[in-house]
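Student: I would like a close look at one part of this model, with attention to the backbone. Please take it step by step.

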Amino acid sequence: MKRYDLIIIGAGPSGLSAAIEAAKRKMNVVVFDENARPGGQLFKQIHKFFGSKEHKAKIRGFVIGEQLLKEATDLGVDVELDSTVMGIYPNREIVVRQGDHVNHFKGDSIIVATGAAENMVTFDGWTLPGVIGAGAAQTMMNLHGIKPGNKILMLGSGNVGLVVSYQLLQAGCEVVALVDAAPRVGGYGVHASKVARTGVPFYLSHTIVKADGTDHVTGVTIAEVDSKFQFIPGTEKHFDVDTICLAVGLSPMSQLLKMAGCEMDNSGPAEVPVIDESGATSVPGIYAVGDVAGIEEASSAMIEGRMAGIKVAEYLGFEEAEKGDKEFDKNVAALDGLRQGMFAPRNRGKKIEKTEEGIDISENLLLHGFVADDEIERFPGVTHRAGVHPVMECTQNIPCNPCEDACPKHVIEVGSNITNLPHIVEGNECIDCGMCVASCSGQAIFLINEDTGDGKAEVTMPYEFLPLPTEGQTGKALSREGKPVCDATVVRVRSSKAYDHTNLVTISVPKDMVMKARFFKAV
Amino acid sequence: MGDTQERIANHPILGTYEKGEPVTFTYDGKEMTGFEGEPIAMALKANGVMVHRYTAKKHLPRGIFCAIGRCTDCVMVVDGEPNVRTCMTPLKEGMDVRTQYGVSDKPFDEQ
């Protein structure tokens, strides 16, 4: 039996972060992960993260994964892959299946960072090949370069459903509909909007009646549901699809903690361990961090991991309490920063009517995934002026401020409260550098020139699809709803390393369409 | 089989994908190509294979579902061994991959 100062179960964002903090303090750390690759789900996350600099905002998830892994390896952390922890026994002894062997280890402390598993829903035909989890779609397209399907229906409008729908479009798949039984879009409005403007219709208060097909999915029927989630007869709609993707929530994989005798909380939808601020469970020396302790974002999981890593080091005498607590408190503040705004854990399930600024929330965004023309003007980021200027269609309080950091001329301000909606600083002039457009994790910033002469105007938009439009190309401008509104000509296409794969496409449209045109489709 | 799924040649964010050497394997005796080291299930998907197995009692089809080794829907008979999770098992040159009927590679009417 081999002994370690710290055993971490799970090499995802929280586990690796915990390993880094512990190894920095000279602890002998091992991380076991059942997968062949480390990083948990980070390597499937190809969008830019929200938050501020300290939360690695505007960096894509898989790049964060590479950074974490390098940092952990440089510090000498032993990451054991293809290693399934089968049980935690008294005195922090564990057994691990590695190949054909079951090996026995002991840790002076254990951090459980096993993450979460996808929830599923059942309907007629749900077991047919072609019905897949959203995670499976991400694994296929983002890790292995395989299109999950050609025509896909997505069930679930939380952030996973929205982000994966966008990724499916990036992979070249057609998303025929985004469906959710809930009456409102569950995820960030900006994630919904970047899907809606490409033309994907949203069906809220709808769910799947059945999947068609004998050997694999050939179609799907959805129908509207009432407030008690019962189908309303006569509202059925059919789509020809080859794939149905399910993104209906995640549940913590807390079985090991339960087995270890940790006190569990069953009051919520899933069983989670009872923990303190540092992740300590009721069993001395055993900690829980990341999604296994309650579903949140990878950004918060990384901070939770760091916090537990520091506290474990204090607990075992590898760090002085005073010094460790200082570092710990910094992380507490960072985590608190992420848990602000409309999507904060304490607001889960609540309907928020107004922004923190007192502005009415876009009802259309919640019902259809995009802000309506008669709603957009009331948000502080949307203003009219001469020359090129940013229009920030940021309408919900999310802790995020890369736009403010990105602008070299300080035209955009979020302020010390990072959930504020961005606004323009009067007197500072936009130089059309495009950094705000590329840095906005929600792809909600457009550069607008309301009058370029000849009755025309220009709109610069973020563009993360292939093929990239070319200068001089003609097509249609699509509205926020994804409907063609006018002819458009591409006048400029910008790509730069600083934009990190977000290209900037500028289209020329009739002047009266400048506040409507938000996407370009070649014809 | 469904429509053949294309591989993503060039991804707007990820560019091209790192793959092993091209290899040949068989699916129910039929020759197919894939890349060494990618999960068997991915090579099958790229070749348009949707059904991996039929259930023991009701003989219902199953294919890729979770793609991370949890659900076991994608198990097949690989090189004579049943219940191999194809989403987790790396593809190798010459592999013999077969549809699994219950726990056998023989169709139910031959069992």
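Student: In which loop of chain A is A:Ser205 found?

Tutor: In this predicted model, A:Ser205 is found in the loop between β13 (202-204) and β14 (206-212) of chain A. Its phi is near 55°, a positive value in a residue other than glycine. Most residues other than glycine have a negative phi, and most peptide bonds are trans. As for its surroundings, A:Ser205 has 19 C-beta neighbours inside 10 Å and therefore counts as partly exposed, since a residue is called buried if 20 or more other C-beta atoms lie within 10 Å of its own.

A:Lys56 lies in the loop between β3 (29-32) and α2 (61-74) of chain A, and it is buried because 21 other C-beta atoms lie within 10 Å.

A positive phi, near 70°, also belongs to A:Gly145, the glycine that follows α3(A). That helix, α3 (residues 134-143) of chain A, is mostly covered, with nine of its ten residues buried, and what covers these buried residues includes α4 (159-170) of chain A and α1 (40-46) of chain B.

Key:
Residues numbered from 1 in each chain as written. Chains lettered and ligands numbered in written order. Predicted model: local features only at pLDDT ≥ 70, side-chain atom pairs only at ≥ 80, totals over all residues. Buried ≥ 20, exposed ≤ 12 C-beta atoms within 10 Å, placed from the backbone. Helix = DSSP H or I, 4+ residues; strand = E, 2+ residues; numbered from the N terminus. Contact = placed C-beta atoms within 7 Å.
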